[in-house]
Amino acid sequence: MKAARALFARELSLAWGGGGGPLLACGFLLCLTAILPLAAGGDPRVLAPAASGASWMALALASLLSLERMFERDLEDGALDLLATGPLPLEAVVGIKALAQWLAAGLPLAVAAPVAALALGQPPELIGLTGASAALGGLGFAFTGALGAALALGARRGGLLIAVVVLPLFIPPVVFGAGALTRAASGQSPASALALLGAYVLFALVIAPVAGAAAVRNAQG
Amino acid sequence: MLTRLDIKALSLSRGERRLFNGLSFCLSAGEAAALTGANGAGKTSLLRAVAGFIRPDAGTIVFHGPEGVMEAETARRSALHLLGHHEGLKPQRTARQELGFQIEWLGGSAEAMDAAVARLKLAPLLDLETRKLSAGQRRRLSLARLVAAPRALWLLDEPLAPLDEVWRSVAAELMAEHLAGGGMVLAAVHDPLPVAARSLDLGGVR
């Protein structure tokens, strides 16, 4: 337990330290949002229906930003060897890293996403649902992202590879998350879409640590 | 507590190239072995195989505790230190943060960390970011990690290379104390180890 806490604290300090990672991700998300009206025109009749979808797409892209940091640097500087000889199995290490990623990137993005959606003309009463679904989806992004980052370990230009591996896996949460908001906007219950989003997150929580740990072991050999 | 490392008929490859065949040796509590061999003979790979990072082509690596054979996974998580070419230090964090994390992660206590810091005279370095440390200073941080988190088997990859004379002799004292306390040292070296050690030559093309 003490070791798990130490690792979690280290991961958070690495995510926040230096370049201020979470702020960077939020800035990126807001920039993407600002580009859409410039590209599609400022007409609210065009922007408002796309607000939920556009903010979820920006959320998925912004979630990619810090994934390279998760394992690649630890492999390069030997810290991954240290993590592998610690008291916790690698599966737990991957899980803790993904949780820290969620806390450091997913939750700040879940605060920024409603702002982006609101700016694009989403009805204000959906702010709470947008934030909550983004926080839930962010947990899925963090875990599938960790899996992708582990799979891309050791490959040259791994950062680009991560994006290509992970973005297809980010499609379901975008569909369910944006779907929930669209349903809520048209007065229907978003519960079914949120349930599917939750199922995706649970699936990622179970699969990513196991598969990610296998990928890390393979990269260390 | 690990008391014996038993390697039988071990064969290792890197990629397509066979490094060595049929290597057997045994290391008991209080013993040190110096691995020698040409560059590329497989010294580092052998250390990484013992640490569980490389799967051998053939042969076995068995860890023994006082109650018989220990599960390899348990031994690797609780009874060995691997000190390689890379210290695993994050450049943007301070030496205190990194050493503190490493020791806590590997099961050492805060008191043990203070003792190790005093022993290796690291106090003036602790508030520096690790990217500002020299190779020798980084190695001293790693030695502090070995001392503060007590684990029986030390796998060392050229442990003395970046150290100056003074710190080499301190490292020798630390190794001697570790061995006297029932520990084991398996070190890949080019110069002789400063403690009494069996020699284990992997050969290779010189």
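This is a predicted model: local features need pLDDT of at least 70, side-chain atom pairs count only at pLDDT 80 or more; totals for chains, interfaces and linings use all residues.

Helices are DSSP runs of H or I with at least four residues, numbered from the N terminus.

- Is Thr85(A) buried or exposed? Thr85(A) counts as buried, because its relative accessibility is 4% and the cut-off for buried is under 20%.
- Setting aside neighbours within four places in sequence, Thr85(A) is in contact with residues of chain B, namely Phe53(B), Arg76(B), Arg77(B), Leu80(B), Leu106(B) and Arg151(B).

**Helix H4 of chain A**

- Several residues of H4(A) are buried: Leu67(A), Arg69(A), Met70(A), Phe71(A), Glu72(A) and Asp74(A).
- After H4(A) comes Gly78(A), which has a positive phi, near 85°.

**Salt bridges**

- Side chains of opposite charge can pair when their charged atoms come close.
- How many salt bridges does the structure hold over all chains? The count is 22.
- One of them pairs Lys97(A) with Glu11(A), at 3.0 Å from N to O. This pair ties together distant parts of the chain, with Lys97(A) in helix H6 (residues 90-119) of chain A and Glu11(A) in helix H1 (residues 2-16) of chain A, 86 residues apart.
- Both partners are tucked away: Lys97(A) is buried at 3% relative accessibility, and Glu11(A) is buried with a relative accessible area of 4%.
- Another salt bridge runs between Lys90(B) and Asp74(A), whose closest N and O atoms are 2.5 Å apart. Lys90(B) lies in the loop between strand S6 (80-83) and helix H3 (95-105) of chain B, while Asp74(A) belongs to helix H4 (residues 67-76) of chain A, so the pair joins two chains.
- Here, too, both ends are buried, with Lys90(B) at 4% relative accessibility and Asp74(A) at a relative accessible area of 2%.
- Glu73(B) and Arg77(B) also form a salt bridge, and their closest N and O atoms are 2.6 Å apart. They are four residues apart in helix H2 (residues 72-78) of chain B, which means about one helical turn separates them. Glu73(B) is partly exposed, at 34% relative accessibility.
- Which residues do salt bridges with shared partners join into one network? They are Arg10(A), Glu11(A), Asp74(A), Asp77(A), Lys97(A) and Lys90(B).

**Nonpolar cores**

- The largest nonpolar core has 97 residues, and those with the most contacts inside it are Phe71(A), Val50(B), Phe63(B), Trp105(B), Leu153(B) and Leu186(B). At least three of its residues come from each of domain 1 (1-79 + 151-206) and domain 2 (88-150) of chain B.
- Val50(B) shows what the packing looks like: beyond residues up to four places away in sequence, Val50(B) touches Leu5(B), Ile7(B), Ile61(B), Phe63(B), Arg76(B), Leu80(B), Leu153(B), Leu155(B) and Leu186(B).
- Another core lies apart from that one and has 35 residues, including Leu83(B), Val117(B), Leu122(B) and Leu125(B).

**Domains of chain B**

- Chain B splits into domain 1 (1-79 + 151-206) and domain 2 (88-150).
- The centres of domain 1 and domain 2 of chain B, taken over C-alpha atoms, are 23 Å apart.
- Where the domains of chain B touch, 14 residues of domain 1 are in contact with 13 residues of domain 2.

**Phe8(A)**

- Phe8(A) is part of helix H1 of chain A and counts as partly exposed, at 26% relative accessibility.
- Neighbours within four places aside, Phe8(A) is in contact with Ile96(A), Leu99(A), Ala100(A) and Leu103(A).
- Between Phe8(A) and Ala184(A) there are 36 Å from C-alpha to C-alpha, and the two are 176 residues apart in sequence.

**A nonpolar patch on the surface**

- Leu202(A), Phe203(A), Leu205(A), Val206(A) and Ile207(A) make up a nonpolar surface patch, with about 470 Å² of accessible area together.
- Leu202(A) belongs to helix H10 (residues 191-220) of chain A and is exposed, with a relative accessible area of 55%.

Methods: Residues are numbered from 1 along each chain as its sequence is written. Chains are lettered from A and ligands numbered from 1 in the order in which they are written. Side-chain values use heavy atoms; hydrogens and water are left out. Patches are made of residues with over 30% relative accessible area and no salt bridge: like charges are joined within 9 Å, nonpolar side chains (Val, Leu, Ile, Met, Phe, Trp, Tyr) within 5 Å. Accessible areas come from the Shrake-Rupley method with a 1.4 Å probe; for residues, only the protein chains shown count as cover. A salt bridge is a side-chain nitrogen of Lys or Arg within 4 Å of a carboxyl oxygen of Asp or Glu. Buried means under 20% relative accessible area, exposed over 50%, partly exposed in between (1.4 Å probe, protein chains only). A nonpolar core is a set of buried Ala, Val, Leu, Ile, Met, Phe, Trp, Tyr and Cys residues joined through side-chain atoms within 4.5 Å. Domain bounds come from an automatic or database domain assignment. Contact means heavy atoms within 4.5 Å.
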